[in-house]
Every structure is written in structure tokens, then in C-alpha cells.
Amino acid sequence: RPLLHLLGHSEVTVAGAPVPFHIRRKHWYVTGLVATAPNCEIGRKELAETVWPLSDFNSQTVLLHTWKRSITFASTPFLNVPPVTITERHVSINSTCVGIDYLDCLSLANIARNSRD
């Protein structure tokens, strides 16, 4: 399964090899916000107001769906399903079809924190 690298240089790898994943810097930022939210899910309104605070609701909706199309298009060569879901209340990344290095890092940090060694 592809791995989304948020720590360090932003990229996507499959079996350790980088794959073309061309999205704008702002879209990486949005992806990072969603991917680092608990369970890779964030409130739609919260996300839109964080990323596009000066835009009205309609513009935020258009920008949000533009981000989704960009992620879906960029991931089409290596994913069979769209990795992003937008509902009326939430925006999420499907972490069952794409791994996220940030989540792996959190998992290792929790193991280290709870370890007696």
C-alpha cells in the first residue's frame, strides 16, 4: 500500500520507491492537516476555516472539492479508490488504502513511552 510521507520531504512511496504525486503546496498542507487529525478525520467547517479563513462558505466548498479532485487525480495511478472522503460534516483520508508516516511515528512514540525499557 502507498505510504504518504508528511515528515521530512513530502512524497508518496510504493514499496519504498517514490511515485509521481504532483499536487500544489497548499494541497499538501490540507492533506497534512487531515492526515494528522485523530483517525485521519477533521470537521469540514473547521478545516475550511483553518485553510481558507477569508473565503465565504461557497468558495470554501469549491476549494475543498478542488483539493479532493487534485488528490484523487494524483493518486489514480496507484490507488483503485479515492483516498479522500468529504461529507457534510467531515473530511477524511482512508488510512486503510494509504499509509501515513506520521501515524507510524505516533505508534512508535506510544510504544516507547509505554515501554519499561
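Which residue in S6 is the bridge partner of Ile86? I looked this up and found Val91.

**Ground rules**

I am working with a predicted model, where local features need pLDDT of at least 70, side-chain atom pairs count only at pLDDT 80 or more, and totals for chains, interfaces and linings use all residues. Residues are numbered from 1 along each chain as its sequence is written, and side-chain values use heavy atoms, with hydrogens and water left out. For my labels, helices (H or I, at least four residues) and strands (E, at least two) are DSSP runs, numbered from the N terminus. I call two strands paired if DSSP finds at least two bridges between them.

I then followed S5 to S6 (residues 90-93) and found an antiparallel pair with three bridges.

**Entry: the four-stranded sheet**

The other sheet I looked up is open too, with four strands in the order S3-S2-S1-S7 and mixed pairing. S3 (17-19) and S7 (99-100) stand at the edges with a single partner strand each, so one side of each has no neighbour in the sheet. S1 and S2 run antiparallel, joined by three bridges, and Leu4 stands opposite Val12 in S2. They form a hairpin with five residues between them, and Gly8 in the turn has a positive phi of about 80°. S2 (residues 11-14) also pairs with S3 in the antiparallel sense, over three bridges. Val14 has Ala17 in S3 as its bridge partner. In the S2-S3 hairpin, two residues lie between the strands, and I noted a positive phi of about 55° for Ala15 in the turn. H1 (residues 25-35) lies across S1 (3-5), S2 and S7, at about 110° to S1.

**Entry: the helices around H1**

How far apart are the axes of H1 and H3? I read 10 Å, with a packing angle of about 90° between H1 and H3 (residues 57-75). That makes H1 roughly perpendicular to H3 (65 to 115 degrees). His27, Val30, Thr31 and Val34 in H1 meet Thr66, Trp67, Ser70 and Ile71 in H3, where contact means heavy atoms within 4.5 Å.

With H2 (residues 44-51), H1 packs at about 145°, the axes being 11 Å apart. From the H1 side I listed Lys26, Tyr29, Val30, Leu33 and Val34, meeting Leu47, Thr50 and Val51 in H2.

**Entry: Arg1**

Last, I went to Arg1, in the segment before S1. Is Arg1 buried or exposed? It counts as exposed, at 62% relative accessibility (exposed is over 50%, buried under 20%, partly exposed in between, with a 1.4 Å probe and protein chains only). The C-alpha atoms of Arg1 and Val98 are separated by 5.8 Å, though these residues are 97 apart along the chain. Leaving aside neighbours within four places in sequence, I found Arg1 in contact with Ser95, Thr96, Cys97, Val98 and Gly99.

Note on methods
Axes are lines fitted to C-alpha atoms, for helices over the stretch in contact, and angles run from 0 to 180 degrees between N-to-C directions. Angles under 35 degrees count as roughly parallel, over 145 as roughly antiparallel, 65 to 115 as roughly perpendicular and the rest as oblique.
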